[in-house]
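Open the model in your viewer and keep the selection panel at hand. The stops below say what to pick next and what is there.

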Amino acid sequence: MATVGISTSCFYPMQTEIALRTAAEAGIRNFEVHFSTFSELSDGYIKEMRRMLRHYGAQVHSVHPFYSALESAMFFSDYSERRFADGLEIYRQLFHTAARLGAEYLVFHGGMNIGKSRVMVSQDKYIERYNMIFECGRKFGVTLLHENVYTHIAQTPEFCRKLIEYLGDKALFVFDNKQARRAGFGSVEFADVLSGHIRTVHISDCDREHDCLLPGRGTEDFIAMRRAMSGGDDNAFWAIEVYNDAFNNPDEITLSLNYLGMKLSEAEKSKFTKS
């Protein structure tokens with residue numbers, strides 16, 4: 001059964017702990033925590049976050065590090081292996097932090113494919129290094145998830161297919177329907193390609209004028225999207241991820257979560273079977 005919640009990034013640039021508290025006081029209990037700076041990874045900060053989670057009876061399902069913008073240079077440039085080794089050490093600490101919060105997943109943007117930050121290593125080398133980062137996370141009980149960010153190499157279904165072909169069950173994803181739209185792909189089309197390999201969904205709605213609305217305020221077919229998924233996707237965490245101009249108060253997000261949960265229940269009750 002799918003779980004619905006939000007990313008604390010919905011409240012950005014509100015400080016992360018205040019965003020978590022604000023959402024929890026509105027009755028939201030399931031989170032992706034988006035860290036925004038180095039001090040938020042400190043031991044004292046994480047202890048306070050854990051205390052807050054216990055107080056509200058809340059759960060962190062996934063962690064999104066601010067290091068995402070550096071992943072292309074850290075892991076996939078043509079510089080020496082030294083930088084990759086240093087990046088791996090940074091992510092070892094991130095996996096440890098995610099585990100302390102009880103998170104099962106860590107979100108990964110991967111290599112960019114535009115401008116001077118484009119991926120420099122070969123596709124085979126990319127997949128080899130990705131596998132090494134994945135294995136690092138597994139030692140902490142945290143699973144690395146590649147997101148289909150539209151400015152990055154995983155923006156296309158073709159690349160995601162190759163990741164699945166090479167890594168099999170270790171090729172797991174954050175599916176972001178907003179990012180799929182921005183890359184020129186339909187949500188259902190992209191979800192179908194990733195079917196069986198989706199563990200977190202960054203979800204939003206859209207209409208002709210807006211590509212990032214709260215679920216229930218646009219025309220996205222959430223039932224069709226859910227039906228395009230199968231297997232391990234059944235227990236995926238669906239996190240509303242919108243910008244702070246998409247709502248005026250947290251109660252609007254709570255209503256949107258109720259709507260999303262209803263649509264996912266409808267899809268699951270239909271017992272749709274992929275042909």
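Start with α4 and α5: α4 passes α5 in a right-handed crossing. This is a predicted model. To find the pair, select residues 81–100 for helix α4 and residues 123–138 for helix α5. Their axes come within 9 Å and cross at roughly 30°. Angles under 35 degrees count as roughly parallel, so α4 is roughly parallel to α5.

Now show the side chains at this contact. On α4, pick Glu-81, Phe-84, Leu-88, Arg-92 and Phe-95. On α5, pick Lys-125, Arg-129, Met-132, Ile-133, Cys-136 and Gly-137. How do the residues of the contact of α4 with α5 divide? Six are nonpolar, one is polar and four are charged.

The ring centres of Phe-75 and Tyr-91 are 5.2 Å apart and the planes stand at 80°, so the pair is edge-to-face.

Next, hide the helices and colour the strands. Eight strands close into a barrel. Trace the order β1-β2-β3-β4-β5-β6-β7-β8; the pairing is parallel. From one strand to the next, the twist averages 30°.

Zoom in on strand β1, residues 3–7, and strand β2, residues 30–34. The two run parallel and are joined by two bridges. Select Ile-6 and look across to β2: Phe-31 stands opposite.

Bring α1 back into view. α1 packs on the sheet and touches β1 and β2. The direction of α1 makes about 165° with that of β2.

Thr-16, Glu-17, Leu-20, Arg-21, Ala-24 and Glu-25 belong to the α1 side. They meet Tyr-45, Met-49, Met-52, Leu-53 and Tyr-56 in α2. Residues of the contact of α1 with α2 divide into seven nonpolar, one polar and three charged.

Last stop: a peptide bond. Select Tyr-12 and Pro-13. What kind of peptide bond joins Tyr-12 and Pro-13? The bond is cis, with omega at about 15°. Most peptide bonds are trans. Pro-13 lies in the loop between β1 and α1.

Technical notes
Residues numbered from 1 in each chain as written. Predicted model: local features only at pLDDT ≥ 70, side-chain atom pairs only at ≥ 80, totals over all residues. Heavy atoms only, no water. Axes fitted to C-alpha atoms, helices over the stretch in contact; angles between N-to-C directions. Helix = DSSP H or I, 4+ residues; strand = E, 2+ residues; numbered from the N terminus. Parallel < 35°, antiparallel > 145°, perpendicular 65-115°, else oblique. Left-handed = near helix turned anticlockwise from the far one by under 90°. Contact = heavy atoms within 4.5 Å. Nonpolar A, V, L, I, M, F, W, Y, C, P; charged D, E, K, R; others polar. Pairing = 2+ DSSP bridges. Phe/Tyr/Trp six-rings, centres within 6.5 Å; stacked < 30°, edge-to-face > 60°.
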